[in-house]
Amino acid sequence: MNRTRLLYCIALALASGSSMAAEAAAVAPAITPAIGFSQITLALLLVLALLFGGTWLLKRMGPIAQANKLNLKVVAGISIGNRERVMVVEVGDQWLILGVTANQINHLGNLPKQEGVSADATLVGGPFQAWLSRTIEQRKQARDDSKPGSPT
């Protein structure tokens with residue numbers, strides 16, 4: 001007796017569940033192809049926006065962006081040939097003078113960091129130009145003195 005009552009309850013629950021599903025299907029609006037296409041398009045745009053937004057956030061706040069915050073700045077540069085340049089790079093509290101060619105970079109010297117000197121002033125003239133001219137003259141004199149037959 002108890003078993004038949006249980007079967008009756010299960011059959012009643014299944015019948016009511018199927019009737020509720022049929023009512024829900026009758027109430028829900030039919031999805032037209034235009035609505036389906038627009039839903040897919042919006043979902044794709046949402047995924048693309050999340051992808052680009054996540055990439056932008058990683059670029060701004062990721063570990064690589066934190067590691068690239070060195071105190072390094074190009075202060076000035078002078079072209080001394082077709083492919084040769086002399087660059088002044090600020091690293092911390094000093095300026096490094098670098099000779100840059102197409103194949104290599106050489107360290108030429110150091111200067112203390114000079115406050116109040118803009119990049120335009122160093123390109124036009126100033127202490128760096130004077131230092132460079134003096135260094136070039138010293139190298140020319142050293143080369144001339146080392147040649148055989150030169151008066152010393």
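## A salt-bridge network

Lys73, Glu90 and Lys113 are joined in a network of salt bridges, a salt bridge being a side-chain nitrogen of Lys or Arg within 4 Å of a carboxyl oxygen of Asp or Glu. The model is predicted, so local features need pLDDT of at least 70 and side-chain atom pairs count only at pLDDT 80 or more, while totals for chains, interfaces and linings use all residues. Residues are numbered from 1 along each chain as its sequence is written, and side-chain values use heavy atoms, with hydrogens and water left out.

The structure holds two salt bridges. In one of them, the side chains of lysine 73 and glutamate 90 meet at 3.9 Å, N to O. This pair links distant parts of the chain, with lysine 73 in strand β1 (residues 72-79) and glutamate 90 in strand β2, 17 residues apart. Lysine 113 also forms a salt bridge with glutamate 90, and the closest N and O atoms are 3.3 Å apart. Here too the pair links distant parts of the chain: lysine 113 is in the loop between β4 and α4 (119-124), 23 residues from glutamate 90 in strand β2. Side chains of opposite charge can pair when their charged atoms come close.

## Exposure of the charged residues

Glutamate 90 has a relative accessible area of 8% and is buried. Buried means under 20% relative accessible area, exposed over 50%, and partly exposed in between, with a 1.4 Å probe and protein chains only. Lysine 73 counts as partly exposed at 48% relative accessibility, and lysine 113 counts as partly exposed at 32%.

## Overall layout

The protein has five helices and four strands, which follow the pattern α-α-α-β-β-β-β-α-α along the sequence. Helices (H or I, at least four residues) and strands (E, at least two) are DSSP runs, numbered from the N terminus. Of the 152 residues of the protein, 16% count as buried.

Glycine 77 is found in strand β1 and counts as buried at 17% relative accessibility. The C-alpha atoms of glycine 77 and valine 88 are separated by 6.1 Å, although these residues are eleven apart along the chain.

Helix α2 (residues 33-61) has 29 residues and reaches 42 Å from its first C-alpha to its last, close to the 42 Å expected at 1.5 Å a residue. The expected span is 1.5 Å times one less than the number of residues. Of the 29 residues of α2, the number buried is one, so the helix lies largely in the open.

Leucine 44 lies in helix α2. Together with Leu42, Leu45, Leu48, Leu51 and Phe52, Leu44 makes a nonpolar surface patch of about 640 Å². Patches are made of residues with over 30% relative accessible area and no salt bridge; like charges are joined within 9 Å, and nonpolar side chains (Val, Leu, Ile, Met, Phe, Trp, Tyr) within 5 Å. Accessible areas come from the Shrake-Rupley method with a 1.4 Å probe; for residues, only the protein chains shown count as cover.

## The lining of the largest pocket

The largest pocket is lined by 16 residues, of which Ile80, Val86, Leu108, Leu132 and Arg139 lie nearest its centre. On a 1 Å grid over the protein atoms alone, a pocket is an open set of points where a 1.4 Å probe fits, with protein on both sides within 12 Å along at least five of seven lines; lining residues have an atom within 4 Å of a point. At least two lining residues come from each of β2 (85-91), β3 (94-100), β4 (105-112) and α5 (127-146). The largest share, seven residues, comes from α5.
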